[in-house]
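Please consult the sequence and the model shown here.

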Amino acid sequence: MANITPEEVIVTDFAVREHRSLWIDAWRRLISSNTARLGMFIVALFVLSAILAHYFWEYDPKVDLDYTLKLKPPTLVANEDVPSVHLFGTDKLGRDIFRRVVHGGWNSLRVGIVAVGISLTVGGLIGLFAGFYENINMTSLERIFLFGFTGLIMGILPAWAAAQPLQAVLMAGLGVAAAYFPNFHKDSINRLWIFAAAGGVVTAVPSLFAGSLVTLVCGVWGILTGALLSRPLEGKFFSNVMMRLMDIVLSFPGYLLAIAIVAFLGPGLEKGMIAIGIVSIPVYARLTRSAVLAVIQKEYILAAQAVGEKHGRIIFRHLTPNILSPIIVQTTMGLANAILSAAALGFLGLGAIPPEPEWGAMLGDSYRYLTSGAWWAVLFPGLAIMLSVLGFNLLGDGLRDALDPKLRT
Amino acid sequence: MSNYIIRRIISVLPTLIGVTFVIFMFQRLIPGDPAVAMLGEHATEESIERLREQFGLNRPLFLDREALADGDLAGFFDSQYVRYMKRLFSLDMGESIHRRIPVAETLAIRFPATIELALLSMFIAIIIGIPVGIISAAKRNSAIDSISMVGSLVGVSMPIFWLGLMEIMLFAVLMQWLPAGGRLGTGIEIKPITNLYLVDSLLMGNFQAFKDVFAHIIMPAIALATIPMGIIARMTRSSMLDVLQEDYVRTARAKGLGRGLVLFRHALKNASLPVVTIIGLQMGTLLAGAVLTETIFSWPGIGRWVYDGILGRDYPIVQGGTLVIALVFVGVNFFVDIMYALLDPRIRYD
Amino acid sequence: MTSLLEIKNLKTRFFTADGVVKAVNDVSYSMESGEILGIVGESGCGKSVHALSIMQLIPDPPGKITNGEVLFEGRNLLDLDERDMRKVRGRDIAMIFQDPMTSLNPVFTVGYQIVEALRLHNDMTKKEARKRAGELLTLVGIPGAETRLDDYPHQFSGGMRQRAMIAMGLSCEPKLLIADEPTTALDVTIQAQIVDLVKKLQQELGMAIMWITHDLGVVAEMAERINVMYAGSIIERGKVRNIYKKTRHPYTMGLLGSLPRLDDSPGTKLASVPGLPPDLLALPEGCAFAARCAYRNDHCLAEKPPLVEIDGPDHIVACWRWEEIAGINKNE
Ligand SMILES: Nc1ncnc2c1ncn2[C@@H]1O[C@H](COP(=O)(O)OP(=O)(O)OP(=O)(O)O)[C@@H](O)[C@H]1O
Ligand SMILES: [Mg+2]
């Protein structure tokens with residue numbers, strides 16, 4: 001009975017499931033969700049009709065005008081009163097609203113892409129660097145850059161006051177020196193005194209010829225700057241400055257800032273795009289930063305650091321791919337937001353310049369005729385805005401669920 | 001706790017300074033000379049120069065280096081920016097360039113109108129958004145959940161100016177139930193106490209007036225509430241779902257607590273943290289959206305007023321109005337931080 | 001005489017997007033009043049799910065108890081509606097969890113959370129409940145209990161939080177306390193303290209304890225009987241002495257390693273068995289352990305072995321070749 005002996009154990013793993021790529025997995029989840037499918041359908045419809053209309057359905061808004069057809073309700077067949085078919089009716093200049101709505105799609109698409117492009121690039125980079133350097137020690141080269149740049153910026157004021165560029169250069173040099181000798185009197189109060197004195201000297205001396213008061217003011221500024229440069233500034237400093245800037249932009253309610261920017265740049269759809277892009281930079285910066293913070297302590301980043309990979313490579317090769325999901329989601333929903341904001345600007349008369357077909361401007365054009373019963377001139381452009389925005393939001397929402405398996409049931 | 005408040009106040013200060021700075025920059029950067037705007041195209045060189053002198057528009061923007069070179073330290077700092085800051089600190093907002101009415105005076109009337117609208121909208125958004133979010137989370141993946149989540153996404157996607165117009169068409173033009181615009185019907189008198197008419201009419205005990213005020217405010221308030229409502233509902237749902245899978249929820253159930261108590265006592269308080277934050281941020285959306293709703297409903301608030309100020313280069317209006325809006329926004333978010341600390345002991349005791 | 005707890009053919013399933021996870025498969029056993037029962041097994045073998053099934057706290061969806069009976073003092077808990085089940089939870093059966101860091105609600109004071117449990121099941125005023133909560137904290141060895149009632153969980157250390165959890169669990173003097181790896185998240189010295197505390201309390205209060213753990217030293221020391229679980233099923237159970245000295249299942253032997261001894265000190269973890277547990281989405285036809293078993297033969301792969309009594313109810317095993325294995329067990 002005791003003749004049984006363990007054989008060479010051949011372990012068969014039943015446990016390893018079929019390996020599927022993360023992205024393919026996400027795609028399957030996406031197309032299995034009804035709402036995401038609806039979103040994809042609307043977005044596809046919107047993008048296709050905008051592109052097709054732009055390239056294959058000629059339309060010159062400048063000559064589109066027919067007073068005989070002013071404010072006609074929608075018709076499905078031609079009759080003697082209205083000899084042409086107007087699916088969505090006509091507006092106050094007798095223009096076919098259907099045609100203008102379809103062509104308006106192209107403008108909305110452009111606004112969305114340009115505005116999101118601006119905020120994604122600028123905000124994304126700010127967030128990426130802020131998040132990264134907040135947690136990773138800078139290399140000496142990067143520190144030299146940070147200090148030199150800080151010195152340069154701080155040096156601009158005395159340089160301007162004394163009307164010569166020398167101080168800015170000297171301050172930048174002082175910054176570089178501070179970064180280059182991080183151990184010079186380290187942890188000692190002497191470092192502070194020495195750098196403050198050096199700062200005072202390099203700013204005061206070149207401004208001697210400009211008058212004693214100039215020298216005094218520059219000297220004081222130089223001492224303060226020198227004191228700042230004596231500190232072991234790190235990525236945290238950079239990150240703090242950047243995020244504070246973002247806070248300031250964020251503390252202006254969205255449209256108001258956009259309106260002010262457009263007022264500054266002048267009206268026009270392109271200006272509107274830029275304004276909307278600038279206003280949402282902080283959203284992307286914050287999102288990217290927090291996404292970076294969520295993965296920066298992960299093993300693969302630590303490993304990349306440990307083998308001494310270049311910071312630029314870590315950021316773009318290891319970090320970026322791993323924070324893509326929240327950014328993809330935000331980009332999709334950002335498109336929706338940009339379209340909505342552009343329409344709001346257009347409605348206020350700050351976006352597209354008439355007679356350019358743009359949904360918001362079309363609404364702004366015709367809402368005064370609402371009381372005389374011309375509901376179609378308001379209903380259809382508004383529906384177009386709402387549906388296209390809804391499409392991107394549905395898609396973004398579906399993407400979030402698909403890319404975040406944690407919330408799956 | 002008071003430590004925490006002090007720390008928060010200190011951390012808000014740089015933001016406030018930045019905000020005033022940006023407002024200053026915008027006033028000066030918007031093309032066009034205010035003196036010309038004030039006197040009209042045909043004014044003489046001389047009178048324009050005098051006006052520029054009077055408003056300090058001939059001073060440099062930030063610092064005067066010529067004064068410094070002349071040894072005049074006070075002159076060095078005597079710039080448009082410093083004067084602007086001084087005026088801010090003395091709460092002097094100047095007067096409208098075109099109408100010659102003190103900005104503070106107009107603000108006192110128009111600001112409560114906007115705030116009343118914003119508060120009522122936020123109230124609507126919260127009392128609908130939060131329960132919808134809770135129900136959705138509790139009945140996750142049910143038909144109710146899908147419907148309310150797609151519904152709230154429609155809310156988030158709503159062009160509010162269009163919704164406002166549709167409301168007017170339906171309820172004012174077609175049904176004639178509600179007035180199409182304005183804040184008060186003709187012949188209704190309100191004694192301005194708080195300048196929030198809903199409150200004032202109640203304080204007066206004048207129910208007729210209250211009904212009238214309500215009829216005027218309800219359409220713009222609903223239009224303005226849609227986006228925050230959608231956002232709040234979605235945020236409540238997702239943060240409820242997050243919390244419901246926490247271990248302490250299981251602990252609460254293991255104690256024998258019923259579903260209701262678990263949901264409303266143990267989960268909701270934790271889930272409310274991100275919701276409170278989003279509500280603070282939505283206050284900004286409301287204040288900004290006021291420009292649009294105020295345009296459509298001829299609501300006499302500051303949104304439309306500032307907008308006209310920007311277009312008309314009426315700097316004191318732009319400055320006063322934007323500052324107040326930004327201050328409210330910063331203030332609301334400060335208040336949110338305090339709320340957050342009250343709700344979450346981990347922050348309070350740090 | 002009815003047992004305190006008798007489980008019959010319990011089956012729990014998770015219906016997920018990838019398929020049906022068979023987390024608990026046909027588990028049957030019973031527990032007597034005042035007894036300490038140990039439950040051991042690898043991670044993911046269904047220990048927690050089985051315990052949560054008793055409490056009916058399985059997240060639903062996706063989880064469902066699809067079959068079986070949970071008789072508590074003769075009453076089938078699965079037949080109770082949610083209202084009646086709520087009265088059982090906390091009062092008759094209490095449960096404490098693995099991670100004390102996340103198991104207490106961070107926004108309520110510790111005192112509040114204990115008082116809440118007390119007042120839910122007892123007719124007590126706030127004041128009485130608070131007084132009792134203070135006594136409970138003292139009982140579980142938290143010094144300065146009165147003042148610590150008003151602390152929030154984040155002001156407690158991990159060990160103190162677990163003590164508070166235990167106080168909460170004991171607050172209504174349950175007849176059964178389910179402790180799901182209560183020491184895993186703690187460091188070793190604290191682990192020993194918690195174990196001693198529970199042993200002491202068990203002697204004082206006399207409730208039954210179901211102790212789920214990876215720590216063989218501890219169960220050997222405190223439990224009377226042990227259930228060994230594998231892939232959602234019990235594969236060997238019986239008196240501690242039988243399990244340790246007369247091991248009959250190759251998996252248990254693997255867990256115990258080459259030299260399991262009754263005097264193993266606390267902290268002795270399960271030895272690792274080569275290979276991985278089977279995918280609960282697709283359990284094999286025959287014995288679930290066969291794939292990793294050094295003694296498997298064709299029979300094992302083809303047919304699932306039933307639980308057989310080899311020493312009456314004191315030793316039960318589910319293995320086709322237990323008799324042959326008996327011959328090679330070096331411990332006897
Ligand atoms: N909510 C769920 N959805 C799907 N599967 C689940 C769920 N909860 C548990 N499972 C599965 O049930 C099985 C048993 O899990 P259980 O938590 O009971 O393991 P355990 O024995 O307690 O492990 P550990 O020792 O790590 O605590 C696991 O394979 C797990 O994947
Ligand atoms: Mg477990």
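Domain 1 and domain 2 of chain C bury about 1200 Å² between them, with carbon and sulfur atoms giving 70% of that area; buried area is the accessible area (1.4 Å probe) that two parts lose on being put together, summed over both. On the domain 1 side, C:Arg91, C:Leu197 and C:Leu201 lose the most area to domain 2 of chain C, together 34% of what that side buries. This is a predicted model in which local features need pLDDT of at least 70 and side-chain atom pairs count only at pLDDT 80 or more, while totals for chains, interfaces and linings use all residues. Residues are numbered from 1 along each chain as its sequence is written, and side-chain values use heavy atoms, without hydrogens and water.

**Domains of chain C**
- Domain 1 covers 5-92 + 176-260 + 271-328 and domain 2 covers 105-173, with bounds from an automatic or database domain assignment.
- Contact (heavy atoms within 4.5 Å) involves 18 residues of domain 1 of chain C and 12 residues of domain 2 of chain C.

**Strand 7 of chain C**
- Helices (H or I, at least four residues) and strands (E, at least two) are DSSP runs, numbered from the N terminus.
- Strand 7 (residues 176-180) of chain C is largely enclosed by the rest of the structure, because five of its five residues are buried, that is, under 20% relative accessible area (1.4 Å probe, protein chains only).
- C:Leu176, C:Ile178 and C:Asp180 point one way from strand 7 of chain C, and C:Leu177 and C:Ala179 point the other way.

How values were computed. Chains lettered and ligands numbered in written order. Buried < 20%, exposed > 50% of the residue type's maximum accessible area, 1.4 Å probe, protein only.
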